[in-house]
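Hi everyone, thanks for making time.

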Amino acid sequence: MAALRATLHVATLAAGARRALLGSLAGNCLAYRRLWDKLHSGPRVGSVPTFDWFFGYEEAQGFLLPLLQEAQAAYPLRVLDVGCGTSSLCTGLYTKCPIPVDVLGVDFSPVAVAHMNSLLEGGQDQIPLYPGHPASQLQFIQADAQNLEPVAPSGSFQLVLDKGTWDAVARGGLPGAYQLLSECLRVLSPQGTLIQFSDEDPDVRLPCLEQGSQGWTVTVQELGPFRGIPYFAYLVQVSH
């Protein structure tokens, strides 16, 4: 476990190392809260207050901002990040997005949620976070992404983000991943978009998404490469 913890606290994992790690944990860890509580409790690299699987907000903003600007909805746009962990995705949207956004990050790890709320408020020797737009808001809540009823009414978000959460949940079995997908689609507004960020090949991911989101349109765009690694954005939107 010590070796695992040391590996995961590198700011960004190389794809080969991450795949090897996921393979070694398959079936018994990545879908379990206990593991993530331990990982989020560990020491952080240098002064970096966040940890990102795949990539962070800096890499994703060129893809996300045009989608937010084109969204036909009343401002602020409501954004949900499922399985947010201690990623920079929520904080980046809140502090750097030029249009008003109301961002909610949910994670089943209370350790991750406490860390992000502390970061938001200026704890851990950090400067408090300030919005990129005066009307923007940010909140972190402990919640199970497979059961969002307590925190997210149906049709309440214009954008739902999943960065690596399907990948982790699927390690505990595809039924859990399909339940995650079902909840993400439930909370989407009629014109909303679900985006899954992953390094999983479209030949593997697309059939799963198409099976679990019948009646929706599923498309994919390649991102990057970031640090030499190609990633994919899987978009699920209502069929017209």
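F54 sits in the loop between helix 3 (33-41) and helix 4; helices here are DSSP runs of H or I, at least four residues, and strands are runs of E, at least two, both numbered from the N terminus. Before going on: this is a predicted model, where local features need pLDDT of at least 70 and side-chain atom pairs count only at pLDDT 80 or more, while totals for chains, interfaces and linings use all residues. Residues are numbered from 1 along each chain as its sequence is written, and side-chain values use heavy atoms, leaving out hydrogens and water.

Back to F54: its phi is positive, about 65 degrees, although it is not a glycine. Is F54 buried or exposed? With 4% relative accessibility, F54 counts as buried, meaning under 20% relative accessible area with a 1.4 Å probe, protein chains only.

R227 also has a positive phi, about 55 degrees, and is not a glycine either. You'll find R227 in the loop between strand 6 and strand 7 (229-238). Strand 6 (residues 216-226) holds P225, and the peptide bond from G224 to P225 is cis, with omega near 10 degrees. For context, most residues other than glycine have a negative phi, and most peptide bonds are trans.

Now the packing. A nonpolar core is a set of buried Ala, Val, Leu, Ile, Met, Phe, Trp, Tyr and Cys residues joined through side-chain atoms within 4.5 Å. The largest one has 37 residues, and L64, L68, L161, I195 and F197 touch the most other members. Helix 4 (residues 57-70) gives this core its largest share, six residues.

Methods:
Buried means under 20% relative accessible area, exposed over 50%, partly exposed in between (1.4 Å probe, protein chains only).
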